[in-house]
Amino acid sequence: MKFYNTINQKSTGISDCVSCHFITPNEKTVVIVKHEVFGLYRLARKRLQLIKEYNIFGFINGLNFLRRPGKQLDTLILTNDKEEVTMIEWHNDDIQCIAHGSIKDVLYKPAIVDQAKINVDPTNSVITYRHYDGCLKVTYVNRLEEAISEADGEVAKIPIKKCRWDDTVRFDDNYVTTAATFIGNYQESPLFSMVLPPEKEDSDKQKDYLCSFNVTELKAIGDVFKNGPIMNKSMPDDHNFILPLTSVESGFVLLCLYRAVHVDNKGNLGMSVQIPQKRMGYMVAMCRVDTLRYLIADINGFLYQLNIVMNGDKFKAMKFDVIGSNLRLPLVMNYLGDGCLLTGSCQADSILYHID
């Protein structure tokens with residue numbers, strides 16, 4: 001690994017980052033969030049060049065992007081500490097707010113989730129917000145498009161639906177619901193998977209359990225979280241991230257503190273691979289390189305690449321390779337392409353690395 005550049009930033013550091021086609025369809029824009037500020041950058045000659053920087057009311061605690069139907073550019077989705085959602089697009093050489101809404105809920109306790117609070121399914125048809133323990137807020141993109149059309153150029157109100165699961169599972173005060181994401185399409189609708197704490201009955205004797213459900217089938221209350229195709233009531237309790245594979249039939253990889261575990265399309269645990277034992281530290285951040293490669297950083301500053309081998313749609317094997325060391329503790333990682341990796345956190349300077 002070669003070190004190329006330390007990005008000049010304010011002392012707040014980085015709290016989130018994405019790269020998407022926000023300004024032009026031919027070149028990706030790097031969007032860096034620094035608490036209440038987000039900046040637009042371009043990657044040129046292995047360096048990040050600032051395009052514009054904006055202040056947002058409230059601390060930004062969620063960031064993702066969406067490709068709306070028929071559009072060539074991506075739409076940014078931001079949430080703040082006021083539990084408000086804002087959607088921003090690029091028009092006439094500047095940003096424009098196209099939709100705004102609130103996901104505030106006084107009945108639930110805010111979730112302690114550092115990453116992936118906003119999930120967008122691979123077909124860009126559903127947006128989910130995991131800002132509270134016990135409920136999932138959902139925006140259907142077709143209804144969003146209707147709201148934007150009716151607004152006729154004004155800021156549209158984002159349609160948001162709530163789905164509760166606190167009637168069927170228990171949430172501890174210090175429980176972190178990190179492992180959750182879309183893993184593909186099942187029966188022609190987005191499939192969302194989560195690892196949740198045990199049910200109320202005999203919860204002290206049970207392990208966390210895996211549930212999955214079609215988001216287009218969400219009900220207000222009920223057993224929808226128990227009826228998905230991928231289920232398991234005995235999951236590892238050190239889970240951090242769910243890594244999708246090529247399809248739902250392939251299952252997914254559950255990234256735990258010190259290992260990666262394959263979960264098949266029925267919820268059964270399969271191959272388990274530990275990170276290299278030398279100076280082993282638990283994993284703190286990850287980002288996707290492509291469908292079958294992920295970069296992962298641990299607490300000791302080591303950078304690993306998780307390589308997944310497939311045989312068609314069937315999972316075959318996976319392996320950790322050490323590709324770098326001495327990273328400053330990163331809580332945010334984003335692979336920008338062309339061998340460039342951006343790492344950062346709220347406590348340290350962000351760094352742009354080049355991976356040979």
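This is a predicted model: local features need pLDDT of at least 70, side-chain atom pairs count only at pLDDT 80 or more; totals for chains, interfaces and linings use all residues.
Is Asn 119 buried or exposed? Its relative accessible area is 6%. Because buried means under 20% relative accessible area, Asn 119 counts as buried.

Which residues does Asn 119 touch, leaving aside those up to four places away in sequence? They are Asn 64, Val 126, Ile 127, Thr 128, Arg 130, Ala 180, Thr 181, Phe 182 and Phe 192. With one of these residues, Arg 130, there is also a polar contact: the side chains of Asn 119 and Arg 130 are joined at 3.5 Å. A further distance concerns Ile 77, which is 42 residues away from Asn 119 along the chain. The C-alpha atoms of Asn 119 and Ile 77 are 10.0 Å apart.

## The helix α1

Helix α1 covers residues 141-151. Its buried residues are Val 141, Leu 144, Ala 147, Ile 148 and Ala 151. Viewed down the helix axis, these buried residues fall within an arc of 110 degrees, so they line one face of α1. The spacing of such residues follows a general rule. An α-helix has 3.6 residues a turn, so residues three or four places apart point the same way.

What do the buried residues of α1 pack against? Their partners are the strands β6 (60-66), β8 (84-91), β9 (94-102), β12 (126-133), β13 (135-140) and β14 (156-157). On the face turned away from the buried side, α1 carries the exposed residues Asn 142, Ser 149 and Glu 150. Just after the helix, Asp 152 takes a positive phi of about 55 degrees.

Strand β4 comprises residues 37-44, and strand β5 comprises residues 47-55. The two strands pair in the antiparallel sense over eight bridges. Within this pairing, Gly 39 stands opposite Glu 53 in β5.

Two residues lie between the strands of this hairpin. In the hairpin, Arg 45 has a positive phi near 55 degrees.

## The chain as a whole

How many helices and strands does the protein chain have? It contains one helix and 30 strands. Of its 356 residues, 54% are buried.

Contacts between residues at least 6 apart in sequence can also be sorted by separation along the chain. Among these contacts, 48% join residues at least 24 apart. The accessible surface of the protein chain amounts to about 16,300 Å², and carbon and sulfur atoms account for 46% of this surface.

Methods: Residues are numbered from 1 along each chain as its sequence is written. Side-chain values use heavy atoms; hydrogens and water are left out. Two strands pair if DSSP finds at least two bridges between them. Helices (H or I, at least four residues) and strands (E, at least two) are DSSP runs, numbered from the N terminus. Buried means under 20% relative accessible area, exposed over 50%, partly exposed in between (1.4 Å probe, protein chains only). Contact means heavy atoms within 4.5 Å. A polar contact is a pair of N or O atoms within 3.5 Å; within protein, one must be able to donate a hydrogen and the other to accept it, and residues adjacent in sequence count only if both atoms are side-chain atoms. The arc is that of the directions from the helix axis to the C-beta atoms. Accessible areas come from the Shrake-Rupley method with a 1.4 Å probe; for residues, only the protein chains shown count as cover.
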